[in-house]
Amino acid sequence: MNEIIFIVEESHEGGFEAKALDHSIFTDGNDMDQLKANIREAIQCHFEVDAPKIVRLHFVREEVFAA
């Protein structure tokens, strides 16, 4: 496996939450640096062999406004 994709959203409590597509990997972080470090650690824990070399972050942002 060469690549893994995470959906990243802002957390209601602050910081960010990330969920991998096609894998049961969930993590969070107070800021982007901590999130990336936690994603690396979660990937190492999840994949004993053949860990992905590239991590792609897909940011989802929801915005609501009056029409």
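Of the 67 residues of the protein chain, 24% are buried, where buried means under 20% relative accessible area, exposed over 50% and partly exposed in between, with a 1.4 Å probe and protein chains only. The model is predicted: local features need pLDDT of at least 70, side-chain atom pairs count only at pLDDT 80 or more, and totals for chains, interfaces and linings use all residues. Residues are numbered from 1 along each chain as its sequence is written, and side-chain values use heavy atoms, with hydrogens and water left out.

**Fold and overall dimensions**

- The protein chain has one helix and four strands; these are DSSP runs numbered from the N terminus, with H or I and at least four residues for helices, and E and at least two residues for strands.
- The pattern along the sequence is β-β-β-α-β.
- A box of roughly 50 × 20 × 15 Å, taken along the principal axes, is filled by the C-alpha atoms of the protein chain.
- Among the contacts in the protein chain with a separation of 6 or more, 38% come from residues 24 or more positions apart; contact means heavy atoms within 4.5 Å.
- The protein chain has an accessible surface of about 5,300 Å², and carbon and sulfur atoms make up 48% of that surface. Accessible areas come from the Shrake-Rupley method with a 1.4 Å probe, and for residues only the protein chains shown count as cover.

**Charges**

- There are 6 positive and 14 negative side chains in the protein chain, and the centres of the two sets lie 7 Å apart.
- Lys and Arg count as positive and Asp and Glu as negative, while His and the chain ends are not counted; the place of a charge is NZ of Lys, CZ of Arg, CG of Asp or CD of Glu.
- E9, E13, E17, D28 and E62 form a negative surface patch. Patches are made of residues with over 30% relative accessible area and no salt bridge, with like charges joined within 9 Å and nonpolar side chains (Val, Leu, Ile, Met, Phe, Trp, Tyr) within 5 Å.
- E17, one of the patch residues, lies in strand 2 (residues 16-20) and is partly exposed at 37% relative accessibility.

**Salt bridges**

- Two salt bridges are found in a search of the whole structure; the criterion is a side-chain nitrogen of Lys or Arg within 4 Å of a carboxyl oxygen of Asp or Glu.
- E3 and R56 form a salt bridge, with 2.8 Å between the closest N and O atoms. E3 is in strand 1 (residues 3-10) and R56 in strand 4 (residues 54-60), so the pair ties together parts that are 53 residues apart in sequence.
- Both E3 and R56 are partly exposed, E3 with a relative accessible area of 31% and R56 with 45%.
- E63 and R61 form a salt bridge with the closest N and O atoms 2.9 Å apart, and both residues are exposed.

**A buried strand residue**

- T27 lies in strand 3 (residues 26-29) and is buried, with a relative accessible area of 17%.
- Apart from neighbours within four places in sequence, T27 is in contact with F16, E17, A18, L35, N38 and I39.

**Backbone with positive phi**

- Most residues other than glycine have a negative phi.
- D22 is not a glycine, yet has a positive phi of about 70°. D22 is in the loop between strand 2 and strand 3 and is exposed, with a relative accessible area of 77%.
- D50, also a residue other than glycine, has a positive phi near 60°. D50 lies in the loop between helix 1 (32-46) and strand 4 and is exposed, with a relative accessible area of 54%.
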